[in-house]
Amino acid sequence: MTNQTTLIIGANSAIAKALALQVIKESDTKLIVVTRDTSFYQHEQFNNSKVISIKDYQESSISTVVQDISKDKTTSINQVFICHGLLHNNNINPEKRLQEFSAESFTEILTANTITPLLWLKNLVPILKGKQPCKVVVFSARVGSISDNKIGGWYSYRASKAAVNMLLKSAAVELSRTAKNIKLISFHPGTTDTPLSKPFQKNVPESKLFTSEFVAKQLLQIVSENEVDGEASFLDWQGKTIPW
């Protein structure tokens with residue numbers, strides 16, 4: 001007997017935590033979370049969940065985690081949420097002008113937003129492919145849409161999200177032949193009231209600033225409604241298609 005399982009990666013973000021809380025309300029669903037900080041998941045409501053601590057997101061660490069997950073033969077993963085994302089930190093801010101572009105900052109953002117999600121996908125596909133339909137969601141952003149870019153700026157963040165979108169489209173072409181049960185979704189959560197968006201909320205209308213709980217519920221509904229069709233989808237919090 002196999003258990004339907006949700007896997008949340010980068011599970012220390014606000015949206016990831018909201019997703020985890022929403023998932024465990026479904027009594028017939030098993031939860032696995034992977035995070036560098038496990039403190040949130042020490043609460044008793046996660047007693048029946050598998051909480052995996054990871055020291056970093058180098059490929060060797062990712063491979064070790066995936067091997068650990070694969071040991072449980074009763075686990076059948078039907079949805080994966082890769083929640084990594086970096087817009088700013090103490091040393092990095094989105095560029096307003098070309099002159100602010102930094103190779104060092106770009107590399108850090110590209111690693112978090114593009115390379116790390118693809119390393120997860122690379123290592124997970126061998127244990128996800130099979131007969132069980134599986135939806136894999138990677139957090140992206142509307143600003144990663146090349147055709148929708150009308151105002152410029154935010155060079156590194158835009159480029160990292162456009163890059164992960166392209167990688168997912170390419171992977172979907174391959175998986176449509178080699179792992180037909182996997183559906184890839186690039187997801188734009190909208191402006192959510194989290195530390196990532198906090199410095200940029202001033203001009204966001206109240207009706208367009210979402211709670212993590214709202215986004216989590218929307219995303220779970222979107223995933224349940226999308227069919228495995230051999231294509232990558234770029235969707236917003238309403239489930240509407242965003243142009244690549």
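**Exercise 1. Classify the packing of helix 2 against helix 3.**

Helix 2 and helix 3 are roughly parallel to each other, a class that takes angles under 35 degrees, while over 145 is roughly antiparallel, 65 to 115 roughly perpendicular and the rest oblique. The model is predicted: local features need pLDDT of at least 70, side-chain atom pairs count only at pLDDT 80 or more, and totals for chains, interfaces and linings use all residues. Residues are numbered from 1 along each chain as its sequence is written, and side-chain values use heavy atoms, with hydrogens and water left out.

Step 1. The axes of helix 2 (residues 59-70) and helix 3 come within 10 Å and cross at roughly 30°. Axes are lines fitted to C-alpha atoms, for helices over the stretch in contact, and angles run from 0 to 180 degrees between N-to-C directions. Helices (H or I, at least four residues) and strands (E, at least two) are DSSP runs, numbered from the N terminus.

Step 2. On helix 2 the contact residues are Glu59, Ile62, Ser63, Val65, Val66, Ile69 and Ser70, and they meet Thr116, Leu119, Trp120, Lys122, Asn123, Leu124 and Ile127 of helix 3. Contact means heavy atoms within 4.5 Å.

Step 3. Sorted by class, this contact has 8 nonpolar, 4 polar and 2 charged residues. Ala, Val, Leu, Ile, Met, Phe, Trp, Tyr, Cys and Pro count as nonpolar, Asp, Glu, Lys and Arg as charged, and the others, Gly among them, as polar.

**Exercise 2. Describe how helix 3 packs against helix 4.**

Step 1. Helix 3 (residues 103-128) and helix 4 (residues 155-178) have axes that come within 8 Å and cross at roughly 15°. The two helices are therefore roughly parallel to each other.

Step 2. Helix 3 passes helix 4 in a right-handed crossing.

Step 3. Residues of helix 3 in this contact include Phe106, Leu110, Pro117 and Val125, and those of helix 4 include Tyr157, Lys161, Leu168 and Leu175. The class count is 15 nonpolar, 4 polar and 1 charged residues.

**Exercise 3. At what angle do helix 1 and helix 5 cross?**

Step 1. The axes of helix 1 (residues 14-24) and helix 5 (residues 212-225) cross at roughly 60° and come within 8 Å. That makes helix 1 oblique to helix 5.

Step 2. This crossing is right-handed. Among the residues in contact are Ile15, Leu19 and Gln22 of helix 1, with Glu213, Lys217 and Leu220 of helix 5.

Step 3. The contact has 9 nonpolar, 2 polar and 2 charged residues.

**Exercise 4. Is Asn78 buried or exposed?**

Step 1. Asn78 lies in strand 4 (residues 75-82).

Step 2. Asn78 counts as buried at 18% relative accessibility. Buried means under 20% relative accessible area, exposed over 50%, partly exposed in between (1.4 Å probe, protein chains only).

Step 3. Leaving aside neighbours within four places in sequence, Asn78 is in contact with Gln4, Thr5, Thr6, Gln132, Pro133, Cys134 and Lys135.

**Exercise 5. How many helices and strands does the protein chain have?**

Step 1. The protein chain has 5 helices and 9 strands, in the order β-α-β-β-α-β-α-β-α-β-β-β-α-β from the N terminus on.

Step 2. Of its 244 residues, 47% count as buried.

Terms used:
Left-handed = near helix turned anticlockwise from the far one by under 90°.
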